[in-house]
Amino acid sequence: MQKSVAAPILEVRNVRKQYAAHTALDGVSLAVPEQSIFGLLGPNGAGKTSLIRIITQITGADSGEVFFRGEKLNPSHIGDIGYLPEERGLYKKMKVGEQLIYLAQLRGLSRADALGRIRKWLERFDIKAWAEKNVEDLSKGMQQKVQFIATVLHEPKLIILDEPFSGFDPINANLIKDEILRLKQEGAAIIFSTHRMESVEEMCDSIALINRSRKVLDGPVTAIRNQFKNNTYEVEGQGKLLVVHPDFEVVEQRERENDHFYARIQLHAGTTPNDLLRFLIGRVEVQAFREQIPSINDIFIRRVRETMPETLNETANALL
Amino acid sequence: MASKFLLVAQREYLTRVRKRAFVVLTLLVPFIIAGFGIVVGKLALSDEGTEIVDVRDTSGLGIGTKLVQMSTPQLQFLPVAGSLPEAKQGFQKDKHAGLLYLPESLDVQAPQGVQFFGKGNISLNKETRVQKALNDAFAELKMQKSGLNQTQLDQLRAKVPLSSVSVDETGKEKDSNSGITTGIASALAVLIYFFIFLYGVQIMRGVGEEKSSRVMEVMLSAVKPFDLMMGKIMGIAAVGLTQFLLWGLLSWGATAVLVPLVMQDEVGKAKTEVAATSPGATTATSPTVADQAAASADQMNPAKRANVIGGAFEKASKLNIPIWTIIFGFIAYFLGGYLLYGALFGAVGAAVDDQTDTQQFMFPITMPLILSYILGFSVILRNPDGPVAFWMSMIPFTSPVAMVIRLPFGVPAWQLALSIGLLIVGFVGTVWVASRIYRVGILMYGKKVTYRELSKWMFYKG
């Protein structure tokens with residue numbers, strides 16, 4: 001799944017950004033591989049938006065560097081980047097078609113090229129009849145589709161999507177998801193900033209986790225999940241489970257009716273899953289046995305807590 | 001990224017010009033102006049039209065005939081016959097302005113018993129004019145009695161035309177016309193004032209809309225804030241110029257078409273009235289009098305009034321009005337003033353979240369503009385070389401209005417150069433300040449902005 005062997009499309013090196021009172025980014029570095037989906041994760045106020053605004057050249061970094069395909073980021077890259085901000089917005093009193101042409105022209109597309117592509121996209125999203133309507137007459141979901149088109153119309157090499165699924169119903173969210181995957185197939189790299197962890201696991205090839213202005217974790221999703229697994233196995237079966245053993249430790253155990261049980265058992269160092277199985281087989285009837293791989297959600301919460309001072313933990317609990 | 005700046009300006013222009021409100025306003029205002037012109041014209045006609053005064057001369061001194069000869073476009077004398085009561089009834093029936101009665105036993109040396117009857121109260125203005133005509137008639141009569149013939153009399157009758165001449169430093173003399181100069185000065189000042197206000201507020205609203213619709217972030221990922229701001233300012237300037245140009249053309253067209261239609265009967269009425277009321281006795285003078293009356297009515301024609309600026313420019317070349325300086329200065333102050341204030345209006349739009357919060361920032365911006373307008377008309381127009389005029393035409397915030405008022409009266413070259421220099425410094429400065437506020441403000445939401453906060457934004461890094 002990973003293609004991180006090739007040179008990254010985007011490389012952020014030791015970027016710092018300071019606002020009057022607080023540091024928004026404190027020496028953040030990361031690399032986004034070509035033709036991949038990259039998840040940018042972090043709690044609110046972690047610095048994600050600050051980082052995105054530096055990549056989209058809305059603001060500049062105080063120090064550090066950003067490279068786009070090995071070149072120092074500069075205004076000539078504007079046409080290669082597409083950006084869907086979390087705060088969606090279009091000119092309300094402008095027609096859908098005109099608006100898309102305008103935004104595409106601002107990113108260097110010719111009027112004629114823009115027209116052809118707009119027709120294609122409006123057909124794909126089945127909103128062709130709306131081209132002559134003012135944006136304010138569209139439903140919210142419809143506006144979101146228009147904005148998504150505006151983000152990708154100029155066929156950017158790097159697409160930055162901030163919470164792309166917010167405001168979409170499940171059907172349209174799926175539509176957008178398929179489009180994102182298709183764009184990746186066609187060769188684009190996508191930075192995907194979200195709180196929806198299940199979509200991260202489903203779609204992202206690699207992630208970076210930012211907390212309190214610092215990157216606390218990054219890498220390919222599978223590698224991270226493997227890295228965070230802690231030798232814990234889920235066991236389901238029939239019988240009376242009673243584990244007292246120096247090599248294993250029961251993390252959680254639930255008894256169900258008819259002597260059915262569920263347990264999570266952690267192995268101590270030097271013990272193999274087969275040792276546990278052998279131990280179990282003599283005592284209970286094992287119906288299911290699998291290694292527990294932590295979800296990105298679990299990792300996210302764990303890492304955020306770890307990098308947070310104790311006093312803030314309770315607020316974090318409430319928030320997460 | 002000049003092309004992006006142009007794209008932004010183009011969008012600002014096209015979306016505004018296509019709005020229904022723009023079309024309606026552009027078409028409606030000229031008719032309001034034309035209608036206003038007609039009302040003013042009618043009032044002027046009824047106020048300054050020909051007044052006819054009946055003369056019942058029983059003195060046998062020939063004063064009546066002399067008075068008729070002295071008729072002016074404003075005041076005409078018409079000899080009537082019959083007894084005094086009949087004449088009294090007659091002038092009221094004919095709706096004439098009054099009746100002048102000269103009794104039988106009138107002594108030229110000590111004229112007593114001359115009476116002027118008017119309907120209702122007689123205005124001082126009317127009485128003065130009649131009095132003057134009467135005095136002149138008696139003076140002439142006395143001179144005739146003293147043995148002067150008609151030729152000598154005509155030579156004696158001195159009509160002194162007073163022409164004002166202005167002298168400049170080099171001693172060159174030219175005609176001066178304070179009316180035209182004042183007219184040009186006020187017209188230019190009003191144009192600049194309204195342009196800045198009307199379209200400056202549009203800049204502010206436009207920025208506010210971009211902010212509240214959250215389209216700003218998308219825009220900024222493609223366009224530099226400075227290009228976005230300047231594109232908007234220039235696009236709206238083009239909208240304003242289009243609108244002013246159309247207003248000018250349409251107003252001219254509307255008055256040219258409408259006013260003759262409406263005013264024709266007024267002018268015609270004046271002509272026929274004069275012709276009808278000048279029977280036999282005065283046939284020699286009556287056609288000219290009627291023509292004069294018609295001409296005077298024509299002069300009040302609002303169509304010509306509407307063209308007063310155009311006419312003034314024609315005349316200006318003959319008068320001591322520095323026409324090229326005015327044109328150059330007007331363009332410089334028009335652009336400079338609009339840019340200076342436009343940038344500030346844009347910054348206010350960027351700084352606030354809520355349109356209702358604009359008030360606290362609007363006040364200090366509009367203050368110098370309003371002040372220059374008020375003082376411009378009350379002080380500078382009366383004393384265009386005074387200290388108020390000088391200082392206000394140097395300060396960049398007030399000079400766009402103050403200096404154009406001074407221009408037609410002649411401004412020393414060094415003052416003009418200094419003032420324009422300061423204006424350039426001023427607008428570069430305000431555009432710089434505004435673009436810094438703009439850059440930070442457009443992405444700032446949900447924060448109540450104070451002046452302290454604004455001053456901090458100046459020093460934020462890119």
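**View 1. An open sheet in chain A of this predicted model.** Four strands form the sheet, in the order β12-β13-β11-β14 (chain A), with antiparallel pairing. Strands here are DSSP runs of E, at least two residues, numbered from the N terminus. Two strands pair if DSSP finds at least two bridges between them. At the edges stand β12 (248-256) and β14 (285-291) of chain A, each pairing on one side only. From one strand to the next, the twist averages 20°. Axes for this angle are lines fitted to C-alpha atoms, and angles run from 0 to 180 degrees between N-to-C directions.

Residues are numbered from 1 along each chain as its sequence is written, and chains are lettered from A and ligands numbered from 1 in the order in which they are written. Because the model is predicted, local features need pLDDT of at least 70 and side-chain atom pairs count only at pLDDT 80 or more, while totals for chains, interfaces and linings use all residues.

**View 2. The pairing of β12(A) with β13(A).** Strand β13 covers residues 260-267 of chain A. The two strands run antiparallel, over eight bridges. Gln253(A) stands opposite Ala263(A) in β13(A).

**View 3. The two domains of chain A.** Domain 1 spans 10-226 and domain 2 spans 230-291. These bounds come from an automatic or database domain assignment. The C-alpha centres of the two domains lie 45 Å apart.

**View 4. Where chain A meets chain B.** Here 25 residues of chain A are in contact with 17 residues of chain B (C-beta atoms, placed from the backbone, within 7 Å). Helix α2 (residues 96-106) of chain A gives the most to chain A's side, with four residues. Helices are DSSP runs of H or I, at least four residues.

Note on methods
Contact = placed C-beta atoms within 7 Å.
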